[in-house]
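Please examine the sequence and the structure below.

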Amino acid sequence: MDRYKLRVIKDRLMKVLVYLALFLALVPLFSILFEVFRRSFSVISLDFFIRPTPTVGEVGGGIANAIQGTLITVGLASLIGVPIGLMSGIFLSEYSESKLSAAVRFFHDVLNGIPSIVIGIFAYAMITLSIGFSVIAAAFALAIIMIPIVTRTTEEALKLVPISVREAAIALGIPRWKTTLTVVLGSAKKAIVTGVLLSIARISGESAPVLVTMGFWRWWFSGLNRPAANLALNVFVFGTSPFENWVALAWGSALLLLMIVLGISVLARILTRGRY
Amino acid sequence: MQNPPRAFSFFHNLKAKIVALPRMRLKGDDVFKLVCALFASSIFMILGLMVYELVRGSWLSIRTFGLNFIVGTKWDPAISRVFGALPLILGTLVTSAIALVIGVPISLGIALALSEYMPKKFGFGVSFLVELLAAVPSVIYGLWGIFVLIPFLRNHVYPHLQSAFGFLPIFSGPIYGGGVLTGGIVLAIMIIPTVSAVMRDLFSSVPNSQREAMIALGATKWETSKTVVSYARSGVVGAIILGLGRAVGETMAITMVIGNKFQVWPSSLFDAWYTMSAIIANELLEATYDLYVSALIHVGLVLLFISLVINILARLIVWRTLRLTRGIARE
């Protein structure tokens, strides 16, 4: 009887510990959300969205140039990364029987595990060293970070389409490639868009590869072969600066970034709910 | 079919010949498959190019220092221009190890809570919250670390730790706030979503017959959970190694909280240190001569090698376990 009691006590204790672990992990999330909102409250105004980075000592200023720069860099990265990821995902899902696809899948996982700073160094060695700090180098690095994510989510989205849909199309005499491009892609549209959005959210928040390929830029965008301002990098540079004004802008940039990233995650969750 | 214009007749004839050849017909399907395969194969080009560019970029450093780069303990870009990365490698590995010590038990608890303890309906929402933690950009963790976590730890946690365990050398010395332990804690927060998500999937794939057998023997919930964990144990090891891979490559957050001080070994857990990723982020833009740049790319190459080894190992282990448990579940 005594030993039984001991077991029950242990059981209860572990139950408490397990829920405590869950609680502990969620504390940082809520703390980050709370602090970002609280500390950026004072800086959010119309000026914040329409004015560029202030010079040191200047009052006010905003992050309009960083919004512009981020849009251009992330847009260019998506132009490179999304088609490659999409086609690779189609290949992995529709031709999964081939030997090549096992190798491709494995190396996509490997690429996904490579730290973003290493990918940044790669783009630095390949592009920045020859043409200088530029949007092109940063977009190249971000595209590489994006490719495995888009590939993975596309593959998984296409695999969720029932095989009977493909069979029905082929039975109607539609060639396989047309089936893939219209019927299969069409029915997995939502999930694929979700994957692309998630990858965009991920690269919008990347700062390490942007730092080493583009550096910090305080002005407006002035060409693809020159640097541009970046939201995530703003958080780093402003946040570690000694100027109060800049620190406030760092929290403001963090709020915008967090809204984009979490907004896309929640949207993705809603879009994919209850598929098949 | 209408007659083609004159100018294209040569190609038209050629095409007609090709089409006429049995089995040699270029069908839309083959073209499409080929195009897809080409895009998919770009991954090999990317990885190959990455290794090539990193080796090329660090060649000057490799030639100058050789193996001394990995065992050297001096990093002096200003005067003697000698570069040794051992302290950086140690910094990366030790902070990652601290992250695992803190993060793995918590991840294990989360995974068990989500897969064994919580009702499924409720679990979905909570695991989404944990996943959101993974979506928060690294640099925001860093900002939060500097302005929220560091003051909190410096004022409310570290003094108590020191008064309780101060007799141990690792808890002695001055408290700055930022440092090795703070870095480990931030890394732990960042790997928890990854590790716990993989563990949750592993536990969910354990066949129910295992749980039923334990319950039939009169086991408590905790004893049943222990069986589930031990059933998936090699996968759990894989998940931990996966977390290690994440921690090793983390850059911005750790750069912002670790203190960035180049030394072979810190005097205590509260002392500042440096990591491989942090030195690249901090010094690459300031590197003024070729050997300096080359040494930093060399650090990147070492980091690539370490993360490749860790990730490939982890993938192989997780894959094997998932296949194993799913195979049994199907039988």
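At roughly what angle do the axes of helix α6 (residues 120-135) of chain B and α8(B) cross? The two axes cross at roughly 140° and come within 8 Å. The model is a predicted one, in which local features need pLDDT of at least 70, side-chain atom pairs count only at pLDDT 80 or more, and totals for chains, interfaces and linings use all residues. Residues are numbered from 1 along each chain as its sequence is written, and chains are lettered from A and ligands numbered from 1 in the order in which they are written.

Two packed helices are described by the angle between their axes and the distance between the axes. Axes here are lines fitted to C-alpha atoms, for helices over the stretch in contact, and angles run from 0 to 180 degrees between N-to-C directions. Helices (H or I, at least four residues) and strands (E, at least two) are DSSP runs, numbered from the N terminus. The helices α6(B) and α8(B) are therefore oblique to each other; angles under 35 degrees count as roughly parallel, over 145 as roughly antiparallel, 65 to 115 as roughly perpendicular and the rest as oblique. On the α6(B) side, B:Ser127, B:Val130, B:Glu131, B:Leu133 and B:Ala134 meet B:Ile192, B:Pro193, B:Thr194, B:Ser196, B:Ala197 and B:Arg200 in α8(B). Two residues are in contact if their C-beta atoms, placed from the backbone, lie within 7 Å. The residues of this contact comprise six nonpolar, three polar and two charged, where Ala, Val, Leu, Ile, Met, Phe, Trp, Tyr, Cys and Pro count as nonpolar, Asp, Glu, Lys and Arg as charged, and the others, Gly among them, as polar.

Helix α8 (residues 180-204) of chain B also packs with helix α7 (residues 138-165) of chain B, the axes coming within 11 Å and crossing at roughly 125°. That angle makes α7(B) oblique to α8(B). The crossing of α7(B) past α8(B) is right-handed; a crossing is left-handed if the near helix is turned anticlockwise from the far one by less than a right angle, and right-handed if clockwise. B:Tyr141, B:Gly145, B:Leu149, B:Ile150 and B:Leu153 of α7(B) make the contact with B:Thr182, B:Val186, B:Ile189 and B:Met190 of α8(B).

Helix α3 (residues 64-94) of chain A and helix α4 (residues 99-113) of chain A have axes 9 Å apart and pack at an angle of about 130°. These two helices, α3(A) and α4(A), are therefore oblique to each other, and α3(A) passes α4(A) in a left-handed crossing. The contact involves A:Ser88, A:Phe91 and A:Leu92 of α3(A), with A:Ser101, A:Val104 and A:Arg105 of α4(A). Its residues divide into three nonpolar, two polar and one charged.

At the level of domains, whose bounds come from an automatic or database domain assignment, chain A is divided into domain 1 (2-40) and domain 2 (47-272). For chain B the assignment gives domain 1 (6-57) and domain 2 (85-330), with C-alpha centres 43 Å apart.

The contact between the chains takes 66 residues from chain B and 68 residues from chain A. Helix α2 (residues 28-57) of chain B supplies the largest share of the chain B side, 19 residues. That side divides into 46 nonpolar, 14 polar and six charged residues.

Single residues complete the picture. A:Glu155 lies in helix α6 (residues 135-159) of chain A. This residue is buried, with 24 other C-beta atoms within 10 Å; a residue is buried if 20 or more other C-beta atoms lie within 10 Å of its own, exposed if 12 or fewer, and partly exposed in between, with C-beta atoms placed from the backbone. Leaving aside neighbours within four places in sequence, A:Glu155 is in contact with A:Gly89, A:Leu92 and A:Ser93. A:Leu197, in helix α9 (residues 189-204) of chain A, counts as partly exposed, with 17 C-beta neighbours inside 10 Å.
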